[in-house]
Amino acid sequence: MTEAVQASGSLRNRLAITLIGGAAILAVLLFFLVRSYAAQIAQQGQDRILGASATSILDAASIRDGVIEVDIPYAAFSMLGTASDDRVFYAIYQDDRLLSGYPGLSLPDADLDGNGPFRTVEFEGADVRRVTASRTLIGADVRTVVSVSVAQTKDALAGTLNRISRNAALFGVGFFALAALLSFWATSTTIGQLMRLTNSVTRRGPQDLSPFAKPVPSEMVPLVSSLNNLMGRLDQSLSQSEDFIAEAAHRVRTPLATVRSHAEATLQRVGKEENRQALRSMVRAIDESSRAAGQLLDHAMITFRADHLERQDIDLVELVRDLVVRLTPVAEMKDIALILSGDKTAPFSGDPILLQNAFRNAIDNALKYAPSESSIEISVSTSPETSVKICDQGAGFPPDEIDNLATRFARGPNSDGIIGSGLGLTIVRDVAAAHGGTMTLRNTPGGGACVILSF
Amino acid sequence: MRYLVVLIFGILPGLCLAQDWEDQRAFGDPGAETTLRIISSTDTSFFEPILASFVAENPGVAIEYLVTGTAALDGLFRADPEKFDLVISSAMDLQLKLANDGFALRIGGVAHPDWAEWRQSLFAFTTEPAAIVINRAAFNGLEIPRTRQDLIHALRDEPERFHGKLGTYDVRQSGLGYLFATQDARASETYWRLMEVMGGLETRLYCCSGEMIDDLASGEIVVAYNVLGSYAAARKDTEDTLEIVLPSEFPTTMMRTALVSNEAPNADAAIAFMRHLIGVQTRRGVDHPLPPLDVAKDSAGRSTIALEPALMTYLDTLKRRRFLQEWESAIIQQR
Ligand SMILES: Nc1ncnc2c1ncn2[C@@H]1O[C@H](COP(=O)(O)OP(=O)(O)O)[C@@H](O)[C@H]1O
């Protein structure tokens, strides 16, 4: 019946992957942003000190008797001390001539290209940060440019960067973990709403087609309202078709009764044997049709009442006894005894009309399929569970088809020549199910069929 | 007297030049497969116990110990860094510049106080103050000066008593002398006043502390300024005659440093020796002539010359030229 629904991916996974993937990308982005920003700041710090150092050296430059003197202040290099003991290089040029310091640290020309005074260059096999500054000195009759380059290795900076990177990485991982946690939570609450709806759909009884009234998130309102719409239409068309059947059965039964009475009356008057024979089979056919119509009507009624079960407190023994009294004349016509046995009273909460209908159909079957001069035992018991058992002494159910006999319009091979529509056992089963019970068909070892309704 | 000064200037540089080592000694098995070449400015007598204990612990290693002045040592090593394994010197500035210029090998995992090492390549292993060493006899009846200021007063009060009888490093030749002089000059103007007074009294200039202390002991001179107190204290014969004064207004304290050459032929043995040296010098209570590294003092409030790039300031050619000019005009007065 239920066809497997094709699943294309999981909403939860898709949501979670999108959120977590986004968080991962953000975390990586954050890491690089923080790191590059911190690197920039750290570099600025080093640059500032280098700049101060170069300026202090330049400030100490003077011309004395036409000769450049540079009295490097002790602080100029002292301020360059770092935790990693970075190497320090410097060079002092007068115009293009090296006055003192490390040759090759800078070429004065190269620093006039407007890229700012700071540069990372390679010197003595190490990456160094270099600053270059210059100043024009005017003596008595000379005018000369003194330029100073100060450079420092970047070990301390690299140490700082490593530390920052580690922290930034920790920060990124923390951010990611938090975001992942949040996205799991968000996903499960979102999916939770769907699950809840699914649950309330599954929990419903087979006949419950009422609309969903519980509030749902606004995104799910279209889904639920179209679900409600669908169920409304389903409910409507179901009851329409049942109404239709009941109406049809009723409309057929009434004229059939009229036709039957006319046929009986005619039978009294007709003397010719072959005509009487024809009339008799006509009456039989009419009986069969009206019985079928009656059962159809019963079935429709049962389907309807089962949806809106009206339980009353009744005594099953009393109910069965009434029925036995009513059916005894029919049974006597076939020389069959109806024997009621079991408990004296069996209180039960159920719909008496439905229950009576079910028991009557079962007893009817027994009367139909059991031979004359036999007995039908009807026993009601309350323990271990409330059950009603109707057993005859006939040939029993055809064993090959015992599982299918309760299907609508199903008739066994032993039903040839016996009036019936194939709805009797269906009614019995449906009534039992409407009361939350089951119907069991069984053949007794000594022969004979048993229908057991247990609640 | 001027001739004497000229004589000293003329002869001493020749004596101090390193082609002839001041001392050259071998330790350990002469047939050992590795021979550590240590170039040092420290007298062999100070180092002997450390060298001897090292070769005793490492029978496969012999040591050739070469002694020369700090300035000559710097020049020799710079010219041939691949010929030496270890460089030991009291001139912290020259040593630091060697390390800064990439001549020193970085040695990881040496547990050493941060203030006593630089870049894990230059390691300090002694703490030695510069002292005023005085021949007690000359101060007969005078109070022994405790500060530079006192010394200036004493010299001014009785110039005739001290004329020609003062000694100090020739900072043009001695790296250590230059280091002490520049650090003094940086610390206080008193230094220049003292130099001027000493210049007026025709102070003798020495390349090396050994000779200065010899002359002190013999009474040739009576006051030596900025000598290593440890050198004077190590001389047992002078205990009674010499007084070692650590000037109390501002002490100048240097640390002897060692580095392993970046191109050391026997780097592993050199590193092992460095660890041995540091181990011996930082362990307290070891009795030998070399003063230990004063590890007990914390870095705050120490008057030791700091191992930092600023030491290179006075090595700058312009700065040095200017300093030497001033120094010369103070101490070698054109009389
Ligand atoms: N008491 C019984 N004994 C033997 N067979 C029975 C009995 N009751 C029902 N059956 C079998 O079950 C079939 C279905 O019964 P039912 O649904 O009542 O339809 P019908 O109208 O044919 O009786 C019958 O056709 C018959 O083959």
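Start where the two chains meet: between chain B and chain A there are five salt bridges. Keep in mind throughout that this is a predicted model.

**Stop 1: the chain A and chain B interface**

Select A:Asp71 and B:Arg322. These two residues form a salt bridge, and their closest N and O atoms are 3.8 Å apart. Side chains of opposite charge can pair when their charged atoms come close.

Now widen the selection to polar contacts across the interface of chain B and chain A. There are 14 residue pairs of this kind, with both residues at pLDDT 80 or more. Which elements of chain B each supply at least two residues of the side that touches chain A? Color helix H4 (92-100), strand S5 (117-118), helix H7 (175-187) and helix H12 (317-331) of chain B to see them. By type, the residues of chain B's side divide into eight nonpolar, six polar and 11 charged.

Next, select everything in contact between the chains. On one side are 25 residues of chain B, and they touch 27 residues of chain A. The size of an interface is often given as the accessible area lost when the parts come together. Here the area buried between chain B and chain A is about 2200 Å². Carbon and sulfur atoms give 45% of that area. Which residues of chain B lose the most area to chain A? Pick B:Arg119, B:Leu318 and B:Arg322, which together account for 28% of what the chain B side buries. B:Arg322 is the residue you already selected, as the salt-bridge partner of A:Asp71.

**Stop 2: the ligand**

Move to the ligand and show the residues around it. There are 20 of them, and A:Asn365, A:Asp392, A:Arg411, A:Asn414 and A:Ser421 come nearest. The shell divides into eight nonpolar, nine polar and three charged residues.

Color helix H7 (352-369) and helix H8 (424-434) of chain A. Each of the two supplies at least two residues of the shell. Which element gives the most? Look at H7(A), with four residues in the shell.

Now zoom in on the oxygen atoms of the ligand. Start at A:Arg411: an N or O atom of its side chain is 2.5 Å from a ligand oxygen. Go on to A:Gly412, where a backbone N or O atom lies 2.9 Å from an oxygen of the ligand. Then select A:Leu425, which has a polar backbone atom 3.0 Å from a ligand oxygen.

**Stop 3: a salt bridge within chain A**

Over all chains, the whole structure holds 31 salt bridges. Select one of them, A:Glu124 with A:Arg87; the closest N and O atoms are 3.1 Å apart. This pair links distant parts of the chain, 37 residues apart. A:Glu124 sits in the loop between strand S5 (118-123) and strand S6 (126-138) of chain A. A:Arg87 is in the loop between helix H2 (74-78) and strand S3 (88-94) of chain A.

**Stop 4: two backbone details**

Select A:Asp95, in the loop between S3 and strand S4 (97-101) of chain A. This residue is not a glycine, yet A:Asp95 has a positive phi of about 50°.

Finish at A:Ser383 and A:Pro384. Is the peptide bond that joins them cis or trans? The bond is cis, with omega about 0°. Find A:Pro384 in the loop between strand S11 (375-381) and strand S12 (387-391) of chain A.

Conventions: Residues numbered from 1 in each chain as written. Chains lettered and ligands numbered in written order. Predicted model: local features only at pLDDT ≥ 70, side-chain atom pairs only at ≥ 80, totals over all residues. Heavy atoms only, no water. Near = heavy atom within 4 Å. Polar contact = N/O pair within 3.5 Å; in protein donor to acceptor, adjacent residues only side chain to side chain. Nonpolar A, V, L, I, M, F, W, Y, C, P; charged D, E, K, R; others polar. Contact = heavy atoms within 4.5 Å. Buried area = accessible area lost by both parts, 1.4 Å probe. Salt bridge = Lys/Arg side-chain N within 4 Å of Asp/Glu carboxyl O.
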